[in-house]
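Okay, thanks for making time, everyone.

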Amino acid sequence: MQVLLTGGAGYIGSHTALCLLNAGHQVVALDNLNNSSPEALRRVEELTGKKAPLIVGDCTNEATVTSVFEQYKIDAVIHFAGLKAVGESVVKPLDYYQNNLDATMTLCRVMPKFGCKVLVFSSSATVYGTNQEMPLREDFPTGCTNPYGWTKWISERILTDVAHADPTRSFVLLRYFNPIGAHESGRIGEDPTGIPNNLMPYICQVASGKLDHLRVFGNDYPTKDGTGERDYIHVMDLAEGHLAAIEFAAKHEGVEIFNLGTGIPYSVLDIVRAFEQANGLKIPYEITPRRPGDIAVCYADPKRARDTLHWQAKRDLTTMCHDAWNWQKHNPQGYGK
Ligand code: NAD
Ligand code: UFG
């Protein structure tokens, strides 16, 4: 298949591009480089020996998206493009609603004009809101606690309504848990702008000496050691989940939702210890108050993806920590964007 990857130069998009190319598919990326570098796809080409063309443009612009479909015969779309910083979304909600929802709606408008019916969407475990019951199943109630989360929730709603209006469309909504790590080569990885918000990139920058120490946000949660528990998934497992999803969607009609997680919760201190052991490094940390908006525990029931997509995460926490550091160590300035 020829697959359009919106946001394809980003962290998850670039790893998925590599995975699709290695599986024999063709890719083309549309990215405005708001949070990424063209170097990521250049390295994907170097690793695969195949073309990963990048069109620099905005997915909210109907003329731009149309011109991509005119230029390439697109069979399916994986829609990664979006703004993703939870804290920033609270400060700039309109930017998030405008970018993330317009991008989704623009694709929905343009795709049928070119007979393209298959779309896989990057949703998030954040749509489960403050559910207390774990593990989280796809049929659990949803709701969000910040504008970023609502853009995912509303995009899921829009895609569901659009697919109901035209039952020949095939949309797969993937709810990711916490992607970390990097391709084993250390050539592509996560390249956050400024001080990282997320745990693993922060730990990597402490390990490299860029940041002084980790702040552990709260040790008074009702968890085994008091720190927050999450379902960390290797980004290459996540990428392989997209390959399974797109191949499933191409033979399917209607809307399907899948969690992409491992089903295993690890605490912040588990991650610190695993990182130290995997890489023979010390991560200094201090306990600080909880981060506003954080929940205690969040992990997936991955059964539906296993049964229906025949996909499950394979890489363990040691591999995730090793690969995250391998990328950081060899690319201390990321892609240098
Ligand atoms: P990323 O920022 O690395 O990738 C997103 C890409 O989209 C970037 O390259 C950015 O430049 C591009 N982009 C943003 N708006 C665009 C627009 N209007 N037009 C064209 N390109 C645009 O983020 P990521 O971690 O790779 O995440 C990919 C998707 O997965 C996002 O939708 C994100 O919300 C979702 N997601 C990520 C996580 C996570 O923890 N990384 C968790 C759940 C869901
Ligand atoms: N944490 C720290 N110190 C840090 C950063 C994080 O202690 O410097 C803790 C958090 O409190 C949390 C855990 O590490 O307990 C993981 O935090 P992340 O920021 O890495 O990830 P979140 O689970 O908060 O959020 C991520 C994505 C969101 C997405 C959500 C659910 O960043 O976009 O997963 O998928 F919505």
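Predicted model: local features only at pLDDT ≥ 70, side-chain atom pairs only at ≥ 80, totals over all residues.

For anyone who wants the cut-off, a disulfide here needs the two sulfur atoms within 2.5 Å. Cysteine 59 isn't in a disulfide either; its nearest cysteine sulfur belongs to cysteine 108 and is 10 Å away. And if you search the whole structure, you get 0 disulfides.

Are those two cysteines buried or exposed? Cysteine 19 is buried, at a relative accessible area of 9%. Cysteine 59 is buried as well, with 6%.

Okay, on to ligand 1. It has 27 residues around it, and the closest are Asp31, Asn35, Ser36, Phe80 and Tyr148. Which side chains make the polar contacts here? Asparagine 35 has a side-chain N or O atom 2.7 Å from an oxygen atom of ligand 1. For lysine 84, a side-chain N or O atom is 2.8 Å from an oxygen atom of the ligand. Then there's lysine 152, with a polar side-chain atom 2.8 Å from an oxygen atom of ligand 1.

As for how covered ligand 1 is, on its own it would expose 820 Å², and the protein buries 95% of that. The elements giving two or more residues to its shell are α1 (11-22), β5 (118-124) and α6 (147-165). Of the elements, β5 gives the most, with 3 residues. If you sort that shell by class, you get 10 nonpolar, 13 polar and 4 charged residues.

Now ligand 2. This one is surrounded by 22 residues, and the closest are Asn198, Arg215, Arg230, Arg291 and Asp294. What part of arginine 215 is 2.8 Å from a nitrogen atom of ligand 2? That's a polar backbone atom of arginine 215. Arginine 230 comes in through its side chain, with a polar atom 2.6 Å from an oxygen atom of ligand 2. Aspartate 294 also uses its side chain: an N or O atom there is 2.6 Å from an oxygen atom of the ligand.

Taken alone, ligand 2 exposes 690 Å², of which the protein buries 88%. Two elements come up when you ask what gives two or more residues to this shell, namely α7 (199-207) and β8 (214-217). The most comes from β8, with 4 residues. By class, the shell around ligand 2 has 12 nonpolar, 6 polar and 4 charged residues.

Last stop, helix α9, residues 268-279. At 1.5 Å a residue, its 12 residues should span 16 Å, and the end C-alpha atoms are 17 Å apart, which agrees. Where does α9 sit relative to everything else? Well, 9 of its 12 residues are buried, so the helix is largely enclosed by the rest of the structure. If you want to click through them, the buried ones are Val268, Leu269, Asp270, Ile271, Val272, Ala274, Phe275, Glu276 and Asn279.

That's my tour, so over to you for questions.

Conventions
Residues numbered from 1 in each chain as written. Chains lettered and ligands numbered in written order. Heavy atoms only, no water. Buried < 20%, exposed > 50% of the residue type's maximum accessible area, 1.4 Å probe, protein only. Near = heavy atom within 4 Å. Polar contact = N/O pair within 3.5 Å; in protein donor to acceptor, adjacent residues only side chain to side chain. Areas by Shrake-Rupley, 256 points an atom, 1.4 Å probe, with all protein chains shown as cover. Nonpolar A, V, L, I, M, F, W, Y, C, P; charged D, E, K, R; others polar. Expected span 1.5 Å × (residues − 1).
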